[in-house]
Amino acid sequence: VEAVHLIADGKAPRIPQPKEGATYEGIQKKENAEISWDQPATALHNWIRGHDKVPGAWAKIGDQVVTFYGSSLVDASVPAGQELAIKGASRPGLVTKNGLVIFGNDGKMVLVRNLQFEDGKMIPASKYFSADETTALELTEEEKKMAEDIR
């Protein structure tokens with residue numbers, strides 16, 4: 001109660017916090033979150049997870065900036081998948097049924113589950129090569145009636 005009264009009266013002591021020992025890193029910026037590929041898989045995983053969700057670790061695929069989300073380390077044999085060239089990576093990634101497999105400079109693997117494009121569209125990484133395909137929504141007769149009732 002005494003502290004509240006001191007603050008209310010404008011008499012509370014003001015002691016500036018010393019910068020030495022401070023752990024606050026400030027707001028991360030997108031331009032500082034680019035993935036450096038010359039690292040072991042554990043470091044790549046930590047970088048991606050450390051920037052997940054904001055600002056998001058990113059790399060260039062083709063001419064587009066793609067942000068990587070939801071990584072996990074993979075301790076298995078190299079899965080089957082379609083190769084994806086990533087700028088700066090010493091080895092192409094693999095688009096598999098579980099996501100995008102990327103490789104560290106130690107040959108170990110990291111699985112990335114989601115990718116986000118510059119336009120904000122996010123897709124499962126496993127759907128990278130089918131991202132442009134669109135499917136029409138087919139409604140049953142009951143759903144068509146419900147849609148009409150809602151309108």
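**Salt bridges in the predicted model**

A search of the whole structure finds 4 salt bridges, each being a side-chain nitrogen of Lys or Arg within 4 Å of a carboxyl oxygen of Asp or Glu. This is a predicted model, where local features need pLDDT of at least 70, side-chain atom pairs count only at pLDDT 80 or more, and totals for chains, interfaces and linings use all residues. Residues are numbered from 1 along each chain as its sequence is written, and side-chain values use heavy atoms, with hydrogens and water left out.

Visitor: Which residue does the side chain of Lys144 meet in a salt bridge?
Guide: Happy to show you! Helix H3 covers residues 141-150; helices (H or I, at least four residues) are DSSP runs, numbered from the N terminus. The N to O distance is 3.7 Å, and the partner is Glu141.

Visitor: Is Glu141 buried or exposed?
Guide: Buried means under 20% relative accessible area, exposed over 50%, and partly exposed in between (1.4 Å probe, protein chains only). Glu141 has a relative accessible area of 60%, so Glu141 is exposed.

Visitor: What is the N to O distance between Lys145 and Asp149?
Guide: Both residues lie in helix H3, 4 residues apart, about one turn of the helix. Lys145 is exposed at 54%, and Asp149 is exposed at 56%. Their side chains form a salt bridge with an N to O distance of 3.2 Å.

Visitor: And what is the relative accessibility of Glu148?
Guide: The side chain of Glu148 meets Arg151 in a salt bridge at 3.1 Å, N to O. Arg151 is exposed, with a relative accessible area of 75%. Glu148 counts as partly exposed, at 49%.

Conventions
Helix = DSSP H or I, 4+ residues; strand = E, 2+ residues; numbered from the N terminus.
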